[in-house]
Amino acid sequence: MPLQIGIFGRGRLGSAIAAAAERSDDLEVAWLVGQDAPQDLSPVDVALEVSHGDAVADRIAWARTSGTDLVIGTTGWDPALTRPTDEASSGESPAIGILTAPNFSLTVALMRRISLALGRYAALQGGDLAVSEVHHTRKVDAPSGTAILLRDALAAGSGQSVQTTSLRLGDVVGRHDVHLTSAAESITLTHEAHTRDVFALGALTAVRWLHGRRGTFTFDDLAAEVLDPLFAPTTA
């Protein structure tokens, strides 16, 4: 039987997720609503919040009350909202799974790991570190959640501050560049999304992974199962 999913957000990403789900054999969209969603929505197996950061608190409260696992793909909200409430801790609210993702791309998760290594390399060799990002003009938060993710990886590896720059231009889906520059050489890592399909498919991967789990996770927890073996030493 297909997993029943609900989507908060009728924007481009929410619509892309709905379209990708309808093309799958194991998922079914029960409802797709906007930011001003009604309060009496039917519970589903997993819901996705991709509307606006201001709506996250209400979505988490609804998910805990209805016992619905929740994937949060919006940015610009307080992560403390995912901490268990007194009711959830005491067992008065159903235990659910919550997964947060500033970016649904496995490639970006790979880029975060490489950025951590690049920061460590900068600590050894020296050089300036930076993250630059470009998004469409409708994106409100700057820097983007992905830019912050990459900046924090560089900072964790290098132990130094990392500058970020943001541009909002046209209809750019999303581009992120990680820079290491010294007097002798430069390294630049680039990820550019050409369509929102990459994020829609990643969001559905998160839905499948989260269903049935209890607790709070990040997209990086999912990515670790796929990506970390790539860095393991090979055996002859």
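Leu 106 is partly exposed, with a relative accessible area of 33%. Partly exposed here lies between buried (under 20% relative accessible area) and exposed (over 50%), using a 1.4 Å probe and protein chains only. The model is predicted: local features need pLDDT of at least 70, side-chain atom pairs count only at pLDDT 80 or more, and totals for chains, interfaces and linings use all residues. Residues are numbered from 1 along each chain as its sequence is written, and side-chain values use heavy atoms, with hydrogens and water left out.

Leu 106 belongs to helix H4 (residues 106-125). Helices (H or I, at least four residues) and strands (E, at least two) are DSSP runs, numbered from the N terminus. Beyond its neighbours within four places in sequence, Leu 106 is in contact (heavy atoms within 4.5 Å) with Phe 219, Leu 222, Ala 223 and Leu 227. Val 226 is 120 residues from Leu 106 in sequence, yet their C-alpha atoms are 8.7 Å apart.

Ser 144 sits in the loop between strand S6 (128-135) and helix H5 (145-158). Ser 144 is buried, at 2% relative accessibility. The side chain of Ser 144 reaches the backbone nitrogen of Ala 147 at 3.0 Å. Leaving aside neighbours within four places in sequence, Ser 144 is in contact with Glu 133, His 135, Lys 139, Arg 168 and His 176.

Strands S1 (residues 3-8) and S2 (residues 27-33) run parallel, joined by 6 bridges. Two strands pair if DSSP finds at least two bridges between them. Phe 8 stands opposite Val 33 in S2.

Technical notes
Polar contact = N/O pair within 3.5 Å; in protein donor to acceptor, adjacent residues only side chain to side chain.
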